[in-house]
Amino acid sequence: MPIATRRLSAISISEKALRNLITTLIVLFILTLGTTLTLQLVLNRSEHIAEHNKQSILYAKIAAHSLGATITGSTLKGRVGRNLSSEDIARSLPADAGKDGRTFVLVNSGEMIVTSHPMDEKLQGKSVFDIVPASTPRKSADGDDLPSLVTLNNGEEAFVAQQDIAGYDGKLLVIHLHNKILSSWWGNVAQVSTLFMVTFTVLV
């Protein structure tokens, strides 16, 4: 075989090997990127839920303190036994407290629902145990003050926080549906998935 022919054959084999190497590297890069993104999303999910739960307990404490002050002020003015309303709860909360789907429920000492915010007339006059299980703990499974994950009586999962109100014979519940918390997280997942698919398409 002429020397020139052998050299062309060698070059042809080298180019094929190079193409295979590049393809392999691209596949490995995509797999690594996909694995990294997946792990990041899983970690971000846990952090997302934890952040929303911290906000829920913070809102509960702010509202309970403000409602307690409202009752104290009414008592000093001679309006003993003043009933709290949905408007009172709304005024006690930061403006963005309800934007993520939280429901604030005022419960009296007899475990009956007095009112809620946002206002839901279907809840008024019901036992709180018609909504949440009687076994709902006041603290999370870790023993801290964060909301507890429970299955509501309608089958939905929700994080529930409870807070006593000074001067009021009852408590405030914050109910945050699990799927409401994850709705914004799923938006992030969709964005990351789109970015990954675009990267995959460009590389391949």
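Arg 91 is exposed, with a relative accessibility of 60%. In this predicted model, Arg 91 forms a salt bridge with Asp 88, and the closest N and O atoms are 2.6 Å apart. Asp 88 is buried, because its relative accessibility is 5% and the cut-off for buried is under 20%. Both residues belong to helix α2, which spans residues 86–92. They are three residues apart, about one turn of the helix.

The count of salt bridges comes to three. Another one joins the side chains of Asp 100 and Arg 102, at 3.7 Å from N to O. Arg 102 is buried at 1% relative accessibility. Asp 100 is partly exposed at 21%.

A further salt bridge links Lys 171 and Glu 111, with 3.5 Å between the closest N and O atoms. Lys 171 lies in strand β5, while Glu 111 lies in the loop between β1 and β2. The pair therefore ties together parts that are 60 residues apart in sequence. Lys 171 counts as buried, at 14% relative accessibility. Glu 111 counts as partly exposed, at 21%.

The strands form an open sheet. Five strands run in the order β2-β1-β5-β4-β3, with antiparallel pairing. Strands β2 (113–117) and β3 (148–151) stand at the edges. Each has a single partner strand, so one side of each lacks a neighbour in the sheet. From one strand to the next, the twist averages 30 degrees.

Within the sheet, β4 (residues 157–164) pairs with β5 (residues 170–177) in the antiparallel sense over seven bridges. Ala 161 stands opposite Val 174 in β5. Strand β4 also holds Gln 162. Gln 162 is buried, with a relative accessible area of 10%. Leu 106 is 56 residues from Gln 162 in sequence, yet their C-alpha atoms are 9.9 Å apart in space.

The largest nonpolar core contains 18 residues. Ile 89, Leu 93, Phe 104 and Ile 165 touch the most other members. Helix α1 and strands β1 (102–108) and β5 each give two or more residues to this core. Helix α1 gives the most, with seven residues.

Leu 18 lies in helix α1, which covers residues 3–76. Leu 18 counts as partly exposed, at 48% relative accessibility.

Technical notes. Residues numbered from 1 in each chain as written. Predicted model: local features only at pLDDT ≥ 70, side-chain atom pairs only at ≥ 80, totals over all residues. Heavy atoms only, no water. Helix = DSSP H or I, 4+ residues; strand = E, 2+ residues; numbered from the N terminus. Buried < 20%, exposed > 50% of the residue type's maximum accessible area, 1.4 Å probe, protein only. Pairing = 2+ DSSP bridges. Axes fitted to C-alpha atoms, helices over the stretch in contact; angles between N-to-C directions. Core = buried A, V, L, I, M, F, W, Y, C linked by side-chain atoms within 4.5 Å. Salt bridge = Lys/Arg side-chain N within 4 Å of Asp/Glu carboxyl O.
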